[in-house]
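Visitor: Hi, can you walk me through this structure? I'll ask as we go.

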There are 2 protein chains.
Amino acid sequence: MRRIFHRLLSPEEALKTIEERIKSMKKPEREVVKISEALGRILAEDIYAKVDSPPFDRAIVDGYAVRAEDVYQADEANPVKLKLIGEIEVGEIPRMELRSGECVEIATGALMPRGADAVVMIEYTKRSGDYVLIYRGVHPGENVAQTGSDITAGDLVLRKGKRLNSRDIAVLAAVGYDRVIVYKRLRVAFFSTGNELISPPNPLKPGKIYDVNGYVIPAMLRDLGLDADFLGILPDKYEIMLKSIREALNEYDVVMTSGSTSAGAGDVIYRIFEELGEIMVHGLRVKPGKPTIIGLSRNGKLLVGLPGFPLSCAMVFIHLIKPLLNELSGAEEEFHYWKVKAMLPMRIETRGGKTWYIPVQIVDSPRGLMAYPILRGSGSASTLAESDGFIAIPEDTLFIDEGEDVEVNLFEELRLPSISIIGSHCPGIDLILNLGEIYDAKVINVGSLSGWKALKLGTADVAGTHLLDEKTMRYNLHMPEELGLRDEVEIYGGYIREVGFIVAEGNPKKIKGFEDLLRKDVIFVNRVKGSGIRTLIDIELKRMGIMDPEKRIKGYVYEAKTHTAVASAVKNGRADVGVGIGYVAKLYGLDFIPIREERFDFAVRRDRLYKPAVKKFLKILKSERFAEELNRLPHYRVHEQTGKRIYP
Amino acid sequence: MRRIFHRLLSPEEALKTIEERIKSMKKPEREVVKISEALGRILAEDIYAKVDSPPFDRAIVDGYAVRAEDVYQADEANPVKLKLIGEIEVGEIPRMELRSGECVEIATGALMPRGADAVVMIEYTKRSGDYVLIYRGVHPGENVAQTGSDITAGDLVLRKGKRLNSRDIAVLAAVGYDRVIVYKRLRVAFFSTGNELISPPNPLKPGKIYDVNGYVIPAMLRDLGLDADFLGILPDKYEIMLKSIREALNEYDVVMTSGSTSAGAGDVIYRIFEELGEIMVHGLRVKPGKPTIIGLSRNGKLLVGLPGFPLSCAMVFIHLIKPLLNELSGAEEEFHYWKVKAMLPMRIETRGGKTWYIPVQIVDSPRGLMAYPILRGSGSASTLAESDGFIAIPEDTLFIDEGEDVEVNLFEELRLPSISIIGSHCPGIDLILNLGEIYDAKVINVGSLSGWKALKLGTADVAGTHLLDEKTMRYNLHMPEELGLRDEVEIYGGYIREVGFIVAEGNPKKIKGFEDLLRKDVIFVNRVKGSGIRTLIDIELKRMGIMDPEKRIKGYVYEAKTHTAVASAVKNGRADVGVGIGYVAKLYGLDFIPIREERFDFAVRRDRLYKPAVKKFLKILKSERFAEELNRLPHYRVHEQTGKRIYP
């Protein structure tokens, strides 16, 4: 038994180590399947054509079968007259033989009669009793598909190891196969592990979270055409885990787990894999994804222990495990060509020393695809959902510069949204999208300022914004100048929202104004920097002369990403007060103390105004129906500039 | 009942006409599915988060939970000493409350204790009895994921109409769903029609061909996530077809057929669709694909009649029917982003007046993706198999110039081969690929000269060639100069093959030499222009003074694409003699009259020598094992230059 202790491998080293072992392992078993059920399966035999295709000389147009030499001179002015001696339908065996001066009516796909060597298209002929006038010459072989010209009996048409797509199935049928030998599908068992995990929809208890990997990894496995079963959540107990994994090894080709791989969790998975066989990889030199363990059971099956955090788990799965499963499947071509080249819109620095996985969102821009890094924690389920893929920066690369091309490993097939709305979070946006039936929008709530930055980068088509200018106390119109976007954006009037303090029902802490935030008995929940609300808060605090709010206001450093996150914090008692829109206070059944009305507008990149979804968005914004529906939302109203261009 | 007679629609007009009708139709029925079975299904409800994610403040690293203000000053030189008051495992509810000067050991994912607002990574600490030394400061919130910071309860996380991918399923689990409401899968019935069709593996009779569409269209439908059933081949009989289609309408959401749509076949499908409802499209202004009929049954179901030729059928399906099925499914985003931009390596001219579908093969080149038109008949099954997709040239475009970018509609997900070998057909190539286990090669047999042209274009990495130079009577070495490829290619010595006449067993026509081809009682089968064999034939005929072979040799104008096609023609009696390699004569049990030995070499683009599969190819060519195996093939042998560079 070979052991690799305390030596982290790079993903490339790990792949090489395991691939060498896999090569010596036997291919999966074979089975015979009907070609109608062979889609996505892997051929386990070379396929030779059983018949010629086409199996006979056939007409490829509707017209008249002729001897080319008879009509060689024919043209519009000098038609050639041929005697019609019969008709051949598709599937019929012609009995006649064509002699000079004769022709036969023939249908597309019909067998050519003896003596004929070309077909004149019906468009260039005229029937006249028993005769046909030919208005265009043909050369021998014209409009005829020759026997075996496409595929000849005996030709090698498909190779062993090919993953069958629908067109391969076309070829199989054309050359006479109704069944083929394929490798059996790899069967993969998956366990989530960890005492903190609960399956939805069971109610959450403190300290517990819903299991995600148990759904996402089996879904990814099925997407690859494998048989995957999620066998449940295992607690962090050595004996229980050992028993479950041992049983799964009897039935499955691969057993995968997630979680319980880090030192903090007592390295349970390591000990179990070691008990069941041999460890090939104990830790990867990647971030995130270090706690990855790969082993080989004594009965020759792959054991994979993935990290517990969903994003890390998915990235290691795609980068390292997917190619291994492909080889184990008997395939000689990769599962999917799920990689794209994209331009990095900003410099990324790593500290080197390991491979860095950086999740990215892909956005189409006039300069081509751009890979926009998402720099959030790997524990985030929404990072996984929002990112289209990730870049793997090798350990000897310390940075990638702005504007460089990177290869993005996609989680799935790339889909580009019809409109990309990045910026401040507002239920009004949802209303526009619903009214416009724009369902494939990408909406990313990162606050007004980040929305403007995304506009500048070109990753956003539209940004929702409510940034107050301290100097003029007006909203949004100062931004194009400030960001050097004067000629590049237009701003359209949005609507008015009422902003205020969100407090528990009955306002138990008796909050009346910003001065109450300084009280010792009040815990505040802040908003992220760059959000419109945060800008408002900081302007108000400054006016009050408070220059060190992080020291004087409890909770000031805790930054909620969205309005709803503020309401949620108040609702659950984690904070006593936050600032947000009245609409959300109402939604959460909380009390609301108005501070001021604010303008929420939409900045749009000029070079995206052509996009149908952008046009639709602006059209809805200006519509009567939107005005009616918006006015019905609590603490919202349209104004005379709603839907109109207000800049430039 | 509205009728559109004798007016062909463009694909865009057809799409618009039908989409308008579809909009007024009701959405598919809904059903509840477990999220573990929801992959690829279409959401029929908006999804709002049931819980916060994360549901509590949690550590995102292993380390010590602290009050940030306690360790603000800590660095390597001045560690801060904190009292360790406990430990929190993942999933556990902490009972302690942290006071100033204290810390708690905490695992990744564990719930933060009261009083703590940051976590110091274990790497920057040192345990010492009941105390911990902290070597790095943290700011409040560092290494902590805040409750709801990722997704907040009540957030709209997924919209109705979304096609669920594996990461959407991750989000569903994270926010507390184990089931969702989705639209029922569209059920599609498919019939192939035509008297000429037989299902494999039944033996072919004259005039019959194997049905292809019955396999490929249902496979494509399933690839789109629909329920598709192939209900068999229908004969061209009105009453039988009507009954079968009527029955299918009761059970399925969509009924599709292929074939029997053209005027030549009596327009049976048109008459049936008219009987069952209303015709929306009767003929498309596209080539190929004109005989396409689309209707709507009286019970509100889509009726689709596709052309019979597999390639036309597949192209119309992808371009026109796929988007319609998507809308009928209730989806608000397209099935797949199966389109790529690629550069056209040659000018294409159409005659305008209709949309032209041109099948293309995609090749990766140093200049990016190139779309290489395949200009063969639409009846060809191998054109469908070899093409990656097609370009649709609109009717107002008369040509697309060399070097222009085109949008390619892909049949399926794009896969690029590891090596592209275009040129002359030789079983020796199969041997190299098998020995090298290079299974994902793209091998296109188009003759030596076309192989050189593909090398020049950059679409081929390697070309197999056996072109005789009339002047020097040497093989291949004149080509780089002739095509202006002097600095761009290298030629590697291949092997010797014996070429001769292929005749029926016993040589019944007593063929001895080229002069026998002139005999009235001899039918010849030629090879395509640009093939090495054709070059040889034409040189020999010229030497004999024959300048008009197409008039003097029967069958001279019939051009077989491959050696095996020649042998097949002789075997089946369609020709008496052809020229080809001895190996194939032997394979077909035919007699062989040697003419000469020829050199088969490999030309390789220099800028592809880096490709692993190209390296492997050349390595195998030079290997002992290849020499042994090749010498075992009849009429083949290696020579002293096999595997060596012979040019430059």
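Visitor: Where does H635(A) lie?
Guide: H635(A) lies in the loop between α17 (624-632) and β37 (636-637) of chain A. Helices (H or I, at least four residues) and strands (E, at least two) are DSSP runs, numbered from the N terminus. This is a predicted model, where local features need pLDDT of at least 70, side-chain atom pairs count only at pLDDT 80 or more, and totals for chains, interfaces and linings use all residues. Residues are numbered from 1 along each chain as its sequence is written, chains are lettered from A and ligands numbered from 1 in the order in which they are written, and side-chain values use heavy atoms, with hydrogens and water left out.

Visitor: What is the phi of H635(A)?
Guide: Positive, about 65 degrees, although H635(A) is not a glycine. Most residues other than glycine have a negative phi. E437(A) also has a positive phi, near 55 degrees. E437(A) sits in the loop between α9 (427-435) and β30 (442-445) of chain A.

Visitor: Is the peptide bond from S53(A) to P54(A) cis or trans?
Guide: Cis, with omega near -5 degrees. P54(A) is in the loop between β2 (47-48) and β3 (58-59) of chain A. A cis bond also joins P200(A) and P201(A), with omega about 5 degrees.

Visitor: New topic. How many residues does the contact take from each chain?
Guide: 113 from chain B and 112 from chain A. Contact means heavy atoms within 4.5 Å. The two chains bury about 9,300 Å² between them, 55% of it on carbon and sulfur atoms. Buried area is the accessible area (1.4 Å probe) that two parts lose on being put together, summed over both.

Visitor: Which three residues supply 9% of the area that chain B buries?
Guide: R159(B), R167(B) and Y439(B), more than any other three residues.

Visitor: And the sheet in chain B. What is the strand order?
Guide: β16-β13-β17-β21-β20-β18, an open sheet of six strands with mixed pairing. Two strands pair if DSSP finds at least two bridges between them. The edge strands are β16 (227-234) and β18 (277-282) of chain B.

Visitor: In which sense do β17 and β21 of chain B pair?
Guide: Parallel, over five bridges. V254(B) stands opposite L302(B) in β21(B).

Visitor: Which strands does helix α7 of chain B lie across?
Guide: Helix α7 (residues 310-328) lies across β17, β20 and β21 of chain B, at about 170 degrees to β21(B). Axes are lines fitted to C-alpha atoms, for helices over the stretch in contact, and angles run from 0 to 180 degrees between N-to-C directions.
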